[in-house]
Amino acid sequence: MTESAIDTDEYEHYEALVVGCGPGGAAAAAKLAEEGVETLVLERGVEAGSKNVSGGLIYAEESAPYTIDDLFPDFREQAAERPITEYHIHNMAGSQVKSLDITELHEHDTEWSDAVLRRKMDSWLEQQVHEKTREAGGGVLTDVRVNGLLRDGGEIVGVTCDEIEPITADLIVAADGVNSELARDAGLMDWDEPDEWFQGVKAIVDMPEDAITDRFGVGEGEGVAHLFSGNIFEDVRGGGFLYTNQDTLSIGTVFHLDSLVAEEAEPHELLDALLTHPLLADWLGDDYDEVEYSAKLVPDSKKVAHRSPHRDRLVLVGDAGGQMQAQGPVIKGMNHAVTAGALAAEAFAEAKRAGRPHSAGERYTEKLEDSGTMQKLRPEAYETIAPLAENETATRLAESLVESPVGRLGIRALGTKGLEKLFANPTILSLMPDTKVPYVTVPTVIAEELGGEVHATSHVEPPELDDRIGDLTYDVGDPHIEVKDNSWDASGAAVSACPVSARDFGGGCYREETVQTNGHEERVVSLDTQPCVECGTCAIVADTDWEHPAGGKGVEFKQG
């Protein structure tokens with residue numbers, strides 16, 4: 001992070017440096033290598049994917065300039081789980097449920113969509129990237145944490161690391177995820193507003209292939225996605241998902257972070273509410289076996305996708321640049337990271353040929369706009385309607401209308417076909433405000449007016465939080481979070497919002513304590529970073545200094 005002039009000749013130099021080997025970083029590195037650019041990839045995990053979590057579905061959009069199989073032709077066969085051929089959303093009011101088929105929405109602008117697990121997917125990508133970049137004079141180094149930017153006279157010229165000496169490059173691709181330290185060091189992203197982020201929590205459930213086939217009614221080469229919304233999550237804005245993998249299920253919840261804080265909701269309890277709902281009883285059966293619990297932050301691209309994601313030689317790709325599209329049931333991130341990574345590489349190759357390699361960031365920004373990628377991430381329709389729809393008065397009026405006899409009559413008049421037609425329209429969904437109305441009120445009324453009672457009995461017993469934490473793998477390093485203000489007002493929200501902490505829970509990261517201070521009692525929080533899943537939640541909701549653990553340290557996800 002040096003600001004003064006330095007002797008850059010003393011550092012190792014590459015034409016391009018990619019930080020992070022997830023889909024965005026892998027796409028950038030593969031395209032750079034294809035263009036003959038000497039490229040080094042630095043990955044913080046013991047291998048790519050060991051630090052990564054997603055829902056997760058990866059899409060190949062027909063309109064996208066790049067898809068993952070364009071860059072890695074064997075991807076679907078080698079790195080994916082099941083193709084998703086059906087898509088359903090379930091509106092819930094207690095045990096009353098109205099299910100809608102939204103496959104038409106899912107297939108809009110979609111060439112294909114596959115369920116993936118990040119450890120399997122990213123580790124395979126890492127192998128391919130290493131081979132491609134070695135041919136161009138680079139490679140992949142794992143167990144290396146990039147901790148900041150190297151500057152020469154104030155200009156970004158490289159990166160600094162925990163484990164190795166600084167490295168300079170003509171292009172630096174920050175593909176280091178939602179908690180990007182490079183994006184923050186450059187002043188391009190921040191953690192100021194909880195309403196700009198989602199928190200996702202996920203369980204991987206073991207299930208034999210034949211059980212998935214029987215219980216979900218899918219054949220070989222088929223899979224299904226289910227989404228869940230309504231009042232089973234109380235008043236928290238968000239919903240749940242279930243995706244069929246080859247021999248496991250990905251089941252999780254995604255909620256607006258500010259709503260989790262406001263409702264003082266416990267993320268693991270919201271997940272358990274979904275897992276134990278009678279609708280899932282026949283799918284999960286009597287043999288529930290949870291093999292991994294995980295969590296991450298998700299940027300809300302409508303609010304934070306950076307319109308000019310570059311500074312000097314640095315470009316932001318994927319979650320590091322807020323490039324995660326979440327508009328109701330439309331949840332797409334990895335495909336946009338792939339597009340962005342390849343466009344950044346393309347921009348650098350063109351800039352290099354023009355003799356202006358350091359102009360790559362400007363070209364990259366233009367390509368994001370010209371390709372239509374930025375319009376998907378930050379739709380103009382949402383930016384127009386949000387100021388009108390996302391306020392207390394508008395929300396109260398909308399809730400009153402939906403719950404009124406007139407609103408209920410309207411939902412009955414629409415019926416199943418009418419509602420499915422509305423869901424099939426991506427333009428309408430792009431207008432959906434981030435309020436309680438579309439996430440809780442409307443689904444609940446749909447279930448009450450059109451749904452039926454689910455009479456199945458769930459026998460699922462989710463693991464206790466301490467068992468979930470205990471089953472994760474850690475290589476403990478030095479503490480990577482410091483609480484700057486441990487008062488309850490400043491940092492108490494972390495106790496409930498942290499996915500591995502909870503009120504009245506003796507383990508986890510954050511705990512509530514009562515101490516004697518100047519003759520009176522005061523509520524404070526204490527911190528233990530050993531069970532941290534590195535989601536970054538507390539960096540937003542508490543007053544902390546937050547950074548990643550050193551390379552290869554901290555949590556290691558086996559599924560992701």
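Visitor: Is Thr253 buried or exposed?
Guide: This is a predicted model, and in it Thr253 lies in strand S14, residues 248-256. A residue under 20% relative accessible area counts as buried. Thr253 has a relative accessibility of 1%, so the residue counts as buried.

Visitor: Which residues is Thr253 in contact with, leaving aside its neighbours within four places in sequence?
Guide: Contact here means heavy atoms within 4.5 Å. Among the partners of Thr253 are Phe233, Gly239, Gly240 and Phe241.

Visitor: What is the geometry of the pair formed by the rings of Phe233 and Phe255?
Guide: The whole structure holds seven aromatic pairs. In the pair of Phe233 and Phe255, the ring centres are 5.1 Å apart and the planes stand at 70°. Planes over 60 degrees apart count as edge-to-face, so the pair of Phe233 and Phe255 is edge-to-face.

Visitor: How many residues apart are Phe233 and Phe255?
Guide: Phe233 sits in the loop between strand S12 (224-230) and strand S13 (238-244). Phe255 belongs to strand S14. Their pair links distant parts of the chain, with a spacing of 22 residues.

Visitor: Are Phe233 and Phe255 buried or exposed?
Guide: The cut-off for burial is under 20% relative accessible area. Both Phe233 and Phe255 are classed as buried.

Visitor: Which residue lies over the face of Trp191, and at what distance from the ring centre?
Guide: A charge sits over a ring if NZ of Lys or CZ of Arg is within 6 Å of the ring centre and within 35 degrees of the ring normal. Lys332 is placed in this way over Tyr59, at 4.8 Å from the ring centre. Over the face of Trp191 lies Arg184, at 3.8 Å.

Visitor: Which residues form one aromatic cluster?
Guide: Rings pair if their centres lie within 6.5 Å. One cluster of aromatic residues is made up of Phe72, Phe75, Trp112 and Trp124.

Visitor: What radius of gyration does the chain have, against that of a compact globule?
Guide: The chain contains 23 helices and 26 strands, and its C-alpha atoms fill a box of roughly 70 × 65 × 50 Å along the principal axes. For 560 residues, a compact globule would have a radius of gyration near 24 Å. The chain agrees with this, at 23 Å.

Visitor: What share of the residues of the chain count as buried?
Guide: The accessible surface of the chain is about 21200 Å², with 43% of it belonging to carbon and sulfur atoms. Of the 560 residues, the share that count as buried is 61%.

Notes:
Residues are numbered from 1 along each chain as its sequence is written. This is a predicted model: local features need pLDDT of at least 70, side-chain atom pairs count only at pLDDT 80 or more; totals for chains, interfaces and linings use all residues. Side-chain values use heavy atoms; hydrogens and water are left out. Helices (H or I, at least four residues) and strands (E, at least two) are DSSP runs, numbered from the N terminus. Buried means under 20% relative accessible area, exposed over 50%, partly exposed in between (1.4 Å probe, protein chains only). Rings of Phe, Tyr and Trp (its six-membered ring) pair if their centres lie within 6.5 Å; planes under 30 degrees apart count as stacked, over 60 as edge-to-face and the rest as tilted. The radius of gyration is taken over C-alpha atoms; the globule rule is 2.2 Å times the number of residues to the power 0.38. Accessible areas come from the Shrake-Rupley method with a 1.4 Å probe; for residues, only the protein chains shown count as cover.
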